[in-house]
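Me: I'd like to learn how to read a structure like this one. Please take me through it feature by feature.

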Amino acid sequence: MPAAKCPVCGLEVEIPEDYMPGELIEHSCGVVLEVVKNGNGLLTVRVFGGVEEDWGE
Ligand SMILES: [Zn+2]
């Protein structure tokens with residue numbers, strides 16, 4: 001199973017093998033992560049909604 005590091009808490013994030021880029025994963029630290037493909041064609045995650053934006057709606 002592919003795994004990535006959570007950009008917020010640094011712990012491992014398991015990405016289910018049937019997940020596609022654009023799917024969302026709620027990590028155990030409470031952040032919502034978006035599955036993305038990196039330059040090697042592997043799945044990784046980034047913070048959904050962007051880290052430089054305010055979270056307020
Ligand atoms: Zn986390």
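Me: In which sense do S3 and strand S4 pair, and over how many bridges?

Reply: Before that, two ground rules. This is a predicted model, in which local features need pLDDT of at least 70, side-chain atom pairs count only at pLDDT 80 or more, and totals for chains, interfaces and linings use all residues. Residues are numbered from 1 along each chain as its sequence is written. Now the idea: two strands pair if DSSP finds at least two bridges between them. Here S3 and S4 (residues 32-37) pair in the antiparallel sense over three bridges. Ile 25 stands opposite Leu 33 in S4.

Me: What counts as a strand, and how many does the protein have?

Reply: Strands (E, at least two residues) and helices (H or I, at least four residues) are DSSP runs, numbered from the N terminus. The protein has five strands and zero helices. Its pattern along the sequence is β-β-β-β-β.

Me: Which residue in S5 is the bridge partner of Leu 33?

Reply: Val 47 is that partner. S4 and S5 (residues 43-47) pair in the antiparallel sense over five bridges. Another S5 pairing joins Val 36 to Thr 44. A general point: side chains in a regular strand alternate between the two faces of the sheet.

Me: Which residues take a positive phi in the hairpins?

Reply: Look at the glycines. In the hairpin of S3 and S4, five residues sit between the strands, and Gly 30 takes a positive phi near 105°. The hairpin of S4 and S5 also has five residues between the strands. There, Gly 41 takes a positive phi near 80°.

Me: Is Gly 22 buried or exposed?

Reply: Count neighbours. A residue is buried if 20 or more other C-beta atoms lie within 10 Å of its own, exposed if 12 or fewer, and partly exposed in between, with C-beta atoms placed from the backbone. Gly 22 counts as exposed because it has 10 C-beta neighbours inside 10 Å. Across the 57 residues of the protein, 9% count as buried.

Me: Where does Gly 22 lie, and which residues does it touch?

Reply: Gly 22 lies in the loop between strand S2 (12-14) and strand S3 (24-26). Contact means that the C-beta atoms of two residues, placed from the backbone, lie within 7 Å. Leaving out residues up to four places away in sequence, Gly 22 touches Glu 34 and Val 35.
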